[in-house]
Structures are given as structure tokens and as C-alpha cells.
Amino acid sequence: MSDGIAKEPIQLYEARKKIHPKRATGSFRRFKWIVMAITLAIYYITPWLRWDRGEFAPDQAVLIDIANRRFYAFFIEIWPQEFYFVAGMLVMAGIGLFLVTSVVGRAWCGYTCPQTVWTDLFLVVERYFEGDRNARIKLDKDPWSFDKLRKRVLKHTTWLIIAVATGGAWIFYFADAPTLLRDLVTGQAHYVAYATVAVLTTTTYVFGGHMREQVCNYMCPWPRIQAAMLDEDSLVVTYNDWRGEPRTHGTKKAEASGEAHGDCIDCNACVVVCPAGIDIRDGQQMECITCALCIDACDDIMGKIGRPTGLISYSTLNDYNANMALATDPESATLNPDLVRDKDGKFVDAIKHFDWRIFLRPRTLLYFFIWVSLGLALLFALSQRDRMTISIQHDRNPVFVTLKDGSIRNGYNVKILNMIPEKRLIHLSVEGLEGAVMTVSGIEGAPASFATVPVDPDQVRSLRVFVRQSPENIKSGQTPFSFIATDQQSNEVDTYSTVFDAPE
Amino acid sequence: MSENNETDDITGVETTGHEWDGIKELNNPLPRSWLWGLYGTIVFSIGYVIAYPALPLINSSTAGLLGWSSRQNVANDIAALEQGRESLGQDLVATDLNKISGNPDLMQFALAGGNSAFKVYCSQCHGAGAAGGGIYPNLVDDDWIWGGTVDDIYLTLKHGIRYEADEDTRYSQMPNFGADGILERDAIKDAAWYVRSISGQEADLEAAERGAIVYQDNCAACHGDSGEGMHDLGAPALNDAIWLYGGSHEEIVAQISKPKQGVMPAWGDRLSEATIRQLSLYVHRLGGGEK
Ligand code: SF4
Ligand code: SF4
């Protein structure tokens, strides 16, 4: 600094300020418990679900089989070239996030994000061993003692057990879960499995136990993207200044003196429950994950002091602004909640409250339309996709071969994809090439216009196929024709167009 | 740091003085964990430099304590691969050549090895697609001068054709019917018309009739009564559509007068038994192999 004025030097780095969220109770907290139970259950149980696919495919309901390049999800089996289904689902997830965010703000962050769920879980553990907010603050300050050590050891051990279980569950999605578990325990699993568990254990322990809101604030890109999805009609957790301010510690005194006073009694209940460590009364903030725990805390207080709930609520910016205008004294430009409530403390009719019709806006409808269309398109594609296909590669060197009897032969590499876990007999024939006969490598029989090829379950069979035309049928140059593969049992057909080359 | 720092009213945080379109940058401190992250990477890089090859020297680089080397890794991988192949290679040599195709693993090994060996040793003359060209026979068609069974191909590969350095090479010599004055010029022309006629090509039938007699007296001993050729003597079939040295009247006349004779080197002393077997099976599978 060169201006010569003594200023506090700016701190370049700042240590994390430890947050001690207090346990909240209320409807949103209950909802969060339920979401937490469901998401954790899905994560831990899914790899153990079984799904019978017959003897030629794994019986794990959800499996990402990287070694064999297959992805199984219940009745769906995806081959690598069908990865667009996965891509489509990711696009749907993205649009779905846009939709949810434009309607109810950062609901993903507040309820379902793994970072939120695991942080919540770690907080449960912390609270169990060290007590609620005040006890934890005190414990932090206390000098080391046997009791403190015991609590800390228990807490970190439990965290680590959860972390190991989290990392451990992850790898079950990539291999047969019961086998892998046995290998893991007996020390026979591949080192990659152990390394993955170790890495995920570390990240779970560090993110859930030590970094928590720092992940949201500094590492995660979602909050920034989601912030861009919000508009004036999105529901966000809002402190309603128009009925809360001016806040006062002594409502009775204020009432007696006739001073303007709002509903907020400045009890700090909303601040102490906040997992992001912020004061929602300062307005919308980057750190707020809209977990709505402050709503629960404040509603509780409002109940106790006999005021309507909703001082902190899910509100839209439009409603908030309109209500603010109503509650602002035009002369002094200060807030006076008496402008919006009658003598009994009831709010005047002009005050805007939540109205579900706010969900139906062009933007949300558009997102919904795109999301549904994508879903239907994917479902349609899924129902129409081929489970038996062929692909053909025509020999380029030599393009044709003249045989002793003057006939011309072309070579093709034919791949037959049997994408179901059952053995098939594929009837392979040529169409559009007069008098053509073929011989197929590995298939016995005299040259004929077709061949019957067994293909193993869930396999690609590669064949060398020679197609031969006798001199009287040969047309000079290129003749287009098709290979047709038919499963005569299921009547599935796939056709592949290619050409037959002869001398010009 | 800029001098005109001001304080942002809403957040109470000082700005950096940078402004873009009216948006000012707050000078919030970085989280300290980032700084730790930076120190962490520095510590890691020091460890890395010590453990792995890192610092460039003039002709090489520092070796690193772990002795890791990508070159050595490749060498190890190749050695491991060769070790794995050894048993297959032994099986290949020990198994009857005609029975190998009954063993899918061994056959796959043979074809893959044959494919790469062909690219290295054979494609220069016979072409990458094995379709021959010029004076080099096509190996994908069904016409074989010296026979097209696996055993025939094996023999040709092992000892070559007209390859004098190999005692067991197969040898035949077509006489210079014209150059050595064995046949009159007209007789040669007639014989050529006859050859065209038996291979189903346009011919001067009158001349061909005369040529038939010339053929029976001079050619049939090797090329067969009906021109079907004879593998043991390397006498090509003359009644088919395939002509190594050309099937026009002039080309046939030239070949009778002063024949071109191909030479194929013997590979027995240059390639391993396993490789020759691989090549035999591979070539046999190209499209024209005989039973
Ligand atoms: S301000 Fe409220 S909604 Fe936002 S993170 Fe804190 S407690 Fe959750
Ligand atoms: S919980 Fe409600 S009453 Fe208490 S400080 Fe927060 S906003 Fe005010």
C-alpha cells in the first residue's frame, strides 16, 4: 500500500471457521432425514440386488462391467456403441436439474447432493459422541483430557468406518459384489480395488468430516451453474425482512412504547442451525445451500412467541420485492411491518404468499417439455433398438479375385452381434446379387446362397465370408447388394448394404 | 495491489480495484486449504523428482531412485509375451500340420502370427493383400502351380522354388521351344491358339485344331492331356482363367518360345519352424487353399 494510511493488512489466506450446526427439528428436517435414508439406501443396497439373466450373463442388477464392456441396469443391457443411452440419461439429469433449480432453487444442494447427505451423516455421528452445538463448542475449547480424547477417537473412528464403507460400496458397482467382497476381505482382490477404496475413503473422510461447506463454496461448480438457473420466480429460502424488521429483543417493551417492530426477536436460532454458517437475514448468499433448516428453526420460534410461521420461508424474489414495497414507509424509507398487518397481527390481503401456480412458467414448462421429450425419445429408442446386428467390411486389397473357372470372388469381414445372453442361430444370406454363393469360414457346407451361423450368447462373431459369382452372372464394375442376417426364431432381421467388385 | 481500493457497501469487503462492466472484484481471502494444496503439490513434486526419472541431462535424464524406465517396461512386457507364446509355439511345431485347424486356440495363434510374418517377409513380392502381381503368383485365388494343400505350401515355403541354394528345392524347367529351335514358329502359334481354346477364350479354331497335335506331342506330358496342369512338376493349369504371364495369344506364344520361370527363395534356414508353419496355415486360409 502506498497511500500511507495505516490499514489492517489484507489477509491473503483464511483458515476455515469451524461451524457447529445445532440440531434442527421440523418438517424440512424430517424431509431431509427421509431423503437421506433413501439416497443412502440406494447407494449401499443397489449393487447387492440380483437380476436373473440366465447362465450367460451376470446376475447383478446394476453392473458396470468394464472388462467386458457391458453396462447392465435391470432389464437393460448396454453395449459400448449404445453409450448414447447413458449420454441421454446424463443430459436428462442436467435438464432435470435446470427444471428443479428454476422451480425450487438449489434443492439438489440442500437435500440430495452426496456432499450434503454424507456431511449430514457425519454430523449425526459428531452429535452422538460430542453432543450438540454448545457441548461441541465447549469441547473444542477444553484442554485435552481422557474424556475429550475418548470422544474424538470414537468420532473419527466411526467416520473412518463410514468412509471405508462408502469407498467400498462404490467398487461393487464394477464387479460381482459378493465375489468382490470375499476377495476384498481375504486380500485377493486386485490392487486397483484397494486403491479405489483407499482414495474414496480419504475423500469421504476429508470432505464429510473436515471440509464440509468448503467443498460447496470453493470446489464444486454446481452452485455457480445453479445460480444461473434461478430467476425472480424461483422459490428460494428467504428471510422476510418486511415482517421481521426492525428486529428487537424486547417485543413487549417495543409494543408498549409503540415503536415499529418486526417479528424477528433476534434469537439467532436460524443462524446456529445453519450448516453453511451464515445468517440468512443478511439476504441471499452464495453459501446458502437452501437446506431450509433455518425455516424449521424459525418456525419453531414463531410458534413459541405466538406469531405466524414463515418469517423465513421459501419465497420468490418477486413476492419478496412486492411485500417489501408494501411494508416500506414511503416517507422515512424504513421498514414498518405495521403497514402490512392489522391490529390482531394478521397480514393484510395485499401480502403475497406462496402460490403453486408459480411453478407453471414458460421457462419451467420448456424445461419440463424438453426433459419429458428426451425421456420419451430414449424410451422409444430403447424399445426399438436392435439386439442382433451385422456389420460388413469389404476387402480393399484385393478388391476381387479371379478364380480358375473364371468366376469372381469378393471377400468380406462380417461381424454378427448377438446382444442377448442366449445362443442364436443366425441365417446369413446375400440379396441382390444374381447367382451368388458364399462360403463362410468355420462353417461347413458347400457354397450356397446362405449359411447358418451359430453365435454365442452376448458375443460378437467375426467371420470371413467369400461371395462368388460365376462368369455368366458377372456385371462389370461395382454391383450393390446386401447381406441379410435373420434370427429365424425371433424374426429379427438386420440388413447391411455393400458392393461386389468385378473387373471393369 | 491497486491503490484505489474501495470498500463494497453490501459485503463490507474491500475490492481489488479491478472493474469489468461495472462489476468489481471483491478481495476475499483464499481459503487456507488451497495454500496447503499448493505446498502439497510442491512436496509431491520433490518426491517425484527423487523417485522417478525427471531432470533432463544432456544425453539422458536423472534415473530416479525407483529405477522406473518406460523402455525397460516395454522390454519386460515383450519378454513376458514371448514367454507366454513359447508353449503355443512348441505346440505348433509338435502338432501335425493338418490337425492344427482342429485346435481353435492354436489356429488363432498361427493365423495371427502368419499374418504379421506375411507382412514382413512375403508382401514385398506377393503384395500386402497376397494378390500377387506381375510375375508373382496370386495367393488368394484357387490356382496353385506347385500345389495348394497346407503341406504343399509348407514345402514351397521351406525349400523355395528353383532356389539353387537349397538342395531340396523343387525344380522344373520348361524348354525354350522357340529360342532353342525345338518347334517351328507356326507350330508354336498353333499350339497357343489351342491353349486359348481349351481355356474357353476366343481362338482361331482352324489353327487350334492343328495346335492340338503339337500340344499332345510336346506339352501334354507336363501340362496334362486336357491342360489341367501338374503340381509335382510345377506345370500350371492351362485350361483355366488364370494366367500368371498373361493369356493373350502373343503372351502365350512368348511363353512357349522362351519361358519365364519364377524363383521363390527357401525360408527354411531363415525363419523358425513355427513361423513357417504359421505362414503355411495363413496362406492356406487366404481363400484358395486346397484340401
Ligand atoms: S441459510 Fe438456511 S437454507 Fe441456507 S444453508 Fe443456512 S440453514 Fe440452510
Ligand atoms: S430464528 Fe427467526 S426469530 Fe430467530 S433470529 Fe432467526 S429469523 Fe429471527
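Modeller: Gladly, and here is the rule to start from: a salt bridge is a side-chain nitrogen of Lys or Arg within 4 Å of a carboxyl oxygen of Asp or Glu. This is a predicted model, where local features need pLDDT of at least 70, side-chain atom pairs count only at pLDDT 80 or more, and totals for chains, interfaces and linings use all residues. Residues are numbered from 1 along each chain as its sequence is written, chains are lettered from A and ligands numbered from 1 in the order in which they are written, and side-chain values use heavy atoms, leaving out hydrogens and water.

Biologist: Why is the contact between Glu82(A) and Arg385(A) called a salt bridge?

Modeller: The closest N and O atoms of Glu82(A) and Arg385(A) are 3.2 Å apart, and the rule asks for within 4 Å, so the pair qualifies. The two residues sit in distant parts of the chain, 303 residues apart: Glu82(A) in the loop between strand 4 and helix 2, Arg385(A) in the loop between helix 16 and strand 7. Helices here are DSSP runs of H or I with at least four residues, and strands are E runs with at least two, numbered from the N terminus.

Biologist: What ties Glu126(A) to Arg136(A)?

Modeller: A salt bridge, at 3.5 Å from N to O. Glu126(A) belongs to helix 4 and Arg136(A) to helix 5 of chain A, so the bridge joins parts ten residues apart in sequence.

Biologist: How do you know whether Glu126(A) is buried or exposed?

Modeller: Buried means under 20% relative accessible area, exposed over 50%, and partly exposed in between, with a 1.4 Å probe and protein chains only. Glu126(A) has 3%, so it is buried. Arg136(A), at 1%, is buried too. Both residues also belong to a network of salt bridges, whose members include Lys18(A) and Arg212(A).

Biologist: And in chain B, why is Arg210(B) called partly exposed?

Modeller: Because its relative accessibility is 43%. Its salt-bridge partner Asp190(B), with N and O 3.0 Å apart, has 11% and is therefore buried.
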